[in-house]
Amino acid sequence: MIFPTPETHQQNVDDPVEKMLKKTGCMELHYEVQECIVETQDWRKCQEQVKRFKVCMDKYQKEREKSYLNK
């Protein structure tokens, strides 16, 4: 019997956050925020990245709301 390695298992598990971010089109900006936080160890130093991510998410939310209103 073959048992999956942790890496293989992780690849087969859908991360709900990643799934949601793929839908929004803001995944790359999310990664930029994460990378900045890892590099600086201080989220307050990443405000530019956070702002860009927020703008992207706001745009997605407005488009989503608009599509619900048009149904």
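Biologist: About how many Å² does the accessible surface of the protein come to?
Modeller: This is a predicted model, where local features need pLDDT of at least 70, side-chain atom pairs count only at pLDDT 80 or more, and totals for chains, interfaces and linings use all residues. Residues are numbered from 1 along each chain as its sequence is written, and side-chain values use heavy atoms, with hydrogens and water left out. Accessible areas are from the Shrake-Rupley method with a 1.4 Å probe; for residues, only the protein chains shown count as cover. Carbon and sulfur atoms hold 56% of a surface of about 6400 Å².

Biologist: In what order do the elements of the protein run from the N terminus?
Modeller: Helices (H or I, at least four residues) and strands (E, at least two) are DSSP runs, numbered from the N terminus. The protein has 4 helices and 0 strands. The order is α-α-α-α.

Biologist: Which residues of H3 are buried?
Modeller: Buried means under 20% relative accessible area, exposed over 50%, partly exposed in between (1.4 Å probe, protein chains only). Cover for the buried residues of H3 includes helix H2 (16-24) and helix H4 (47-69). Those buried residues are Met27, His30, Val33 and Cys36.

Biologist: How far apart are the end C-alpha atoms of helix H3?
Modeller: The expected span is 1.5 Å times one less than the number of residues. For the 14 residues of helix H3 (residues 27-40), that should be 20 Å. The model agrees: the end C-alpha atoms are apart by 20 Å.

Biologist: Which residues does Thr24 touch, not counting those up to four places away in sequence?
Modeller: Thr24 sits in helix H2. Thr24 counts as buried, at 11% relative accessibility. Contact means heavy atoms within 4.5 Å. On that basis, Thr24 touches Met57 and Tyr60.

Biologist: Which residue forms a salt bridge with Arg52?
Modeller: A salt bridge is a side-chain nitrogen of Lys or Arg within 4 Å of a carboxyl oxygen of Asp or Glu. The structure holds 3 of them. Arg52 is partly exposed, at a relative accessible area of 35%. Its closest N and O atoms are 3.1 Å apart, and the partner is Glu32.

Biologist: Is Asp42 buried or exposed?
Modeller: Asp42 meets Arg44 in a salt bridge (2.9 Å, N to O). Arg44 counts as exposed, at 56% relative accessibility. Asp42 has a relative accessible area of 15%, so Asp42 is buried.
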